[in-house]
Structures are given as C-alpha cells and as structure tokens.
Amino acid sequence: MKLEQTDTPAGSSIRGPAASLPAPTTLPRLALPQLPSLRMRISERRLFLFVVDALLLNLVLLLAAVLFADFPLTLDAILAYNKWFITLTVVWYLCAQFFDCYSLPRASSTTASVKSVTMAVVATMLAYMLIPFLTPSLTSRGMIFYLVAFSTGSVILWRVTYVKVFAQPWFQQRALIVGAGQAGRALALAIHAAPPGDSNPYRGTGYQLIGFVDDDPALLGETIEDIRVLGNHQTLADLTRTLRIDEIILAITDRHTIEDDLFNELLHCRELGYRVVTMATVYERLTGRVPIDHVGRDLEMVVPMDDNAGERAYQLLKRLMDLVAALIGVCLILVISVPVALINTRTSPGPLFYKQRRVGQGGKIIEVYKFRSMRPDAEKGTGAVWARKQDDRVTPAGRFLRRTRLDEFPQFLNVLKGEMSLIGPRPERPEFVNALALILPFYRARHAVKPGITGWAQINYGYGNSDRDSHIKLEYDLYYVKHASPLVDIKIVLQTVPTMFLGKGL
C-alpha cells in the first residue's frame, strides 16, 4: 500500500502507518467576541476625567438636596430642576480649566492632581453658592459643609484612583514609530518628557513606545532615545500584530517621497484595522505645539484648510468678545494709570505711555500702546534688542508691570481700534520678524490672524529672549492659528489670570 504524506511544517516529513490514517475531523471554531481595548487615547482620557468629575459633583449635589432640602428622588424631579445640575457642570468646567485640571501630566501626578482639583472644587462650590435662580437655596450650614467636604473628598479619591490605575501601562496606547530619524527622535523626546519630580517618563501621555521601524540596516538592533529599532518596513505588519500595537506613527518629514513598498505596507496595516497617524499629529496632541521642523512643506499641517461652516460665526463672536473686553480694559487703564504715573514720576521721570511698532495681521505695521516699563533712553545706542530677565533698563514700577503683564493693558485701545484681538499670537517688532522669518520655517504664518494681548504661547511658555525661545513660541502660536475655537479661547482667558499672578512669560 502506498503511503501518503500529510501536510507538515516545512523541512519535516512523516512516514509510516501513522501517515496513512485519515485526518481527524476538524470542528468549526466559534468566533469569540472581541472585547474593546482598555488602552485609552488622549482625547478619551480627558473626556473620561471630565465625565467622572462632573458625575461625582452632581451626585453629591443630588444627595445633599435629598438629605437637607427634602428633594424627591425621582426622575421627574431631577428633570424639572435640571438647571441646578447643568449650572454646576458649567461652573466646574470653567474652574477646572482655570486650574488646568485636564492637563494629562498633571492629572497623572498624585500631588499635582490633588492640589489642582482641590482648588478647583472649592472655587466651584463658592461660585455655585453665589449664583441665584439657577441653584438650590443653600441656607443650611450643614448642606453647605456637606457640599464642600464631600465634593472635595469624592473628586480627590477619584483622581488618586486615576493615578494608581488608569495612568498605568495597562491603559496606555502601544505605538510603533516608523522612521528613526530626526522626526522620530523628536517625538520620542516629547513622549519621554516627564513632569518635574515624576520618575515615570510615559506618565500622562497615554503612550508606550514599543520600538522603531527603519529601513537603514545600520540602525537595526540599535537603541535610540531608549527605544530599540526592531526591524524594517517588511516586518511592520508582523511586528504590529505580534506586539499588540494600537497605533503606527509615521515619523518621516517629507511624506510625499515615501517609497511605494513602505506606503503599501502602511496601507496594509490600515486595512488590518490598525491606526496610522503622522508624527506631527501625535506631537500636537502631546505638546500643544506644531513641530515646524518636521512637517516639510505641508501647509495643511500648519494652517487650517477645512471648509468650516462656523468660521464666520466664530469670527463675529470673537469680535464681540473683543469689544466687551476692550471697554472693560479701558476702564482698568484709567484705574491703573494713576499709581503707575506716581511711581514712575518719582523713580524714572518720563512719559506714562509709549508706542512701539509691531507687525499685525497680514504683515501690516501697527503701533501698539504700552505702559512705559523702561528708561526713556533704554535703546539709545543699541537699537532693538531682546528684553532680558533682570534687565537693568527696567524701572522699579516696570518690574511689577512686566511680571504681571499690566504693562500690556493699554493695548486694549488697539483691540478697540480693531488692530488687535484679546487672544492671538503676541505681535513682534519688525526688526525681529525679518530676522526670525529667515531662520524659522512658517514664521509669517502667525500673521494669518490678529495679534493678541494674550495667547496660547503665553499660558504655556515662560519668559523668552532668544531664537530658541522664539522657535518654541512659534510652535505654540501656529497651534493656535490652526486650532482656534471658542473653547480654546475660553481656556486661554481662564489660564491667563493665574499666569499673570505667577509672573510667567512676557
């Protein structure tokens, strides 16, 4: 009898009686339902934090009303008094933005998170108690104590739980970086950047960088920024499947020059259901900056190009907000002018205000108004130079004005005239613009919007007086140009106040 050979792994053979036996009947496999991944994206983390925060605060409010105000615990009653809960949620959102409670690095540090949410909850409750008509009658001392104590305690307990559980590797996105060049290394450095005093380099970002993929044979097996190069593009799909990757990050600056083989492999991974994103997209999520050195000539990564139906409405709303802010600002100028004038008269005689040429929207030269904070002859013999920390040209009154940014208040007159906005990139001097435009890519793109009294760069970056500082601030400014919206503007306004009191930036 002739023996037949069954299917065997390559390089092996089976001979003898066993090979002639019929193959066992194979039962059909039941497809198990695929459970959703527990690994959360950045947007999901922020939403998760907000939803649980708001839910806990509203639950405490509901129980306080039941215990102290004989509130009927029924769905009809809750719907009838929904204004109580909506108002509390809105007030919490504003206070949480003021204290930066949804910064993921801050939310993933126990000390920083507890500190920020404690201040935010107390501020929320104090503001809530002062709002008439939209809130319950808070006449009982016991109810007030219950609201403040239990709201603070429940949110703190939840935030500590988030740090101990949801900031750990089980809930972090696993990512492969395609490209171990400058763009890939810059992204790795951004993800490795840890909050001060935090020993976990990935905490808060929601990412675990599993490895690099690069076609340079010399890099295979090398470790770059503490991350190993695991293979080339031919192994990308296998690595993604084997290592349980959630996201493939394309870190190649000139994406239009990608080889066909790599492009097809990326499409294959996307076809298999894996997310494929660019380095610039991830960098923006993590840092709030546009990586101008790593986007090539891709204008879409720097300036908005969407057909946004709400753009005109947003611009109209922003102008109305500018007018209201400018009228309030002019009143504040009148109040501040008297003490500033008295101090300057005694310590540094000269004019109270001064005008300075700056570059506005569309590259137009405008004259901005400021309280004088330096000697009248500050630039005599030197011309335009960067301001410095501990600058000896600054007057005694000017030190306080510059630290708190009160010297910028006269620019509300520029806002009233329509030359500036309350929010936007800070206007720069023409002498610096011409020099910076030669060395910083996309620098003039910041002039696509009106300059502002405060902006995204001012609440995120401190004092700057060098080309490197200008580079980082430009990345922040372009992020605002690209992502400007009412919610971003609200966040900037709210965080400008603590920025002023902390004396950050100029």
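Helix α17 is mostly covered, with 13 of its 17 residues buried. Buried means under 20% relative accessible area, exposed over 50%, and partly exposed in between (1.4 Å probe, protein chains only). Helices (H or I, at least four residues) and strands (E, at least two) are DSSP runs, numbered from the N terminus.

This is a predicted model: local features need pLDDT of at least 70, side-chain atom pairs count only at pLDDT 80 or more, and totals for chains, interfaces and linings use all residues. Residues are numbered from 1 along each chain as its sequence is written, and side-chain values use heavy atoms, with hydrogens and water left out.

Helix α17 covers residues 467-483. At 1.5 Å a residue, its 17 residues should span 24 Å, and its end C-alpha atoms are 24 Å apart, which agrees. The expected span is 1.5 Å times one less than the number of residues.

**Cores.** A nonpolar core is a set of buried Ala, Val, Leu, Ile, Met, Phe, Trp, Tyr and Cys residues joined through side-chain atoms within 4.5 Å. The largest one has 57 residues. Trp92, Leu187, Phe212, Ile249 and Met279 have the most contacts inside it. Helix α2 (residues 42-69) gives the most to this core: 9 residues. Another core, of 46 residues, lies apart from it; Ile423, Leu440, Tyr443 and Ile472 are among its members.

Which residues does Trp92 contact, leaving aside neighbours within four places in sequence? They are Phe50, Asp53, Leu57, Cys101, Tyr102, Ala120, Val121 and Thr124. Contact means heavy atoms within 4.5 Å.

**Glu247.** This residue is found in strand β5 (residues 247-250). Glu247 is buried, with a relative accessible area of 2%. Its side chain makes polar contacts with the side chains listed here. A polar contact is a pair of N or O atoms within 3.5 Å; within protein, one must be able to donate a hydrogen and the other to accept it, and residues adjacent in sequence count only if both atoms are side-chain atoms.

| Side chain | Partner side chain | Polar contact |
|---|---|---|
| Glu247 | Tyr207 | 2.4 Å |
| Glu247 | Arg275 | 3.0 Å |

Not counting residues up to four places away in sequence, Glu247 also touches others, including Arg174, Leu176 and Val282.

**Thr223.** Thr223 lies in strand β3 (residues 223-224). Buried or exposed, where does Thr223 fall? Thr223 is exposed, with a relative accessible area of 51%. The C-alpha atoms of Thr223 and Phe212 are separated by 9.0 Å. These two residues are 11 residues apart along the chain.
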